[in-house]
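Let's take a walk through this protein together.

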Amino acid sequence: MGRYDDIINMEHHTSLRHPRMSPMDRAAQFAPFAALTGYEEVIAESGRLTDAREDLDEMQMAHLNEVMGEILERLLERPEVEIVRFEADSRKQGGRYVSLNGRVRNVDLDSIVLTDDRRIPLADICDLRLQ
């Protein structure tokens with residue numbers, strides 16, 4: 001005689017007090033949970049791509065100097081410009097290239113100030129065009 005022969009063929013107990021749980025509710029009890037808080041964010045951050053900053057060659061530097069000269073000549077007109085700048089990423093190495101438009105209010109020793117008070121450091125500018 002086997003160890004469980006006395007109970008193996010018994011009818012399954014059904015409670016009179018508690019209704020039977022639906023299969024959907026039973027499955028929810030075993031659903032995965034976030035055992036590692038922040039893990040998904042770390043994985044998403046590591047998968048996020050950034051661009052490496054490219055150094056400007058002599059031709060690009062000459063172009064920037066030429067356009068800056070034109071901007072300084074027309075500063076009282078508040079010329080409209082398109083600026084491509086490199087924004088460094090605050091979390092990882094590299095960054096991204098961003099294009100923005102605006103009117104130049106002033107040019108400092110280290111930045112261009114637009115009429116909407118955005119200040120773009122000259123060191124971050126990769127391309128500059130008058131509109």
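What is the mean pLDDT of the protein? The mean is 90, and 98% of the residues reach 70 or more; pLDDT is the predictor's confidence in each residue, on a scale from 0 to 100. This is a predicted model, in which local features need pLDDT of at least 70 and side-chain atom pairs count only at pLDDT 80 or more, while totals for chains, interfaces and linings use all residues. Residues are numbered from 1 along each chain as its sequence is written, and side-chain values use heavy atoms, with hydrogens and water left out.

Helices (H or I, at least four residues) and strands (E, at least two) are DSSP runs, numbered from the N terminus.

Our first stop is Ser111, in strand S3 (residues 111-114). Ser111 counts as buried because its relative accessibility is 2%; buried means under 20% relative accessible area, exposed over 50%, and partly exposed in between (1.4 Å probe, protein chains only). Leaving out residues up to four places away in sequence, Ser111 touches Asn106, Arg119, Ile120, Pro121 and Leu122, where contact means heavy atoms within 4.5 Å. With Arg119, the Ser111 side chain makes a side-chain polar contact of 2.9 Å. A polar contact is a pair of N or O atoms within 3.5 Å; within protein, one must be able to donate a hydrogen and the other to accept it, and residues adjacent in sequence count only if both atoms are side-chain atoms.

Next comes Asp124, in the loop between strand S4 (119-121) and strand S5 (125-130). Asp124 is buried, because its relative accessible area is 17%. Its side chain is joined to that of Arg85 by a polar contact of 3.0 Å.
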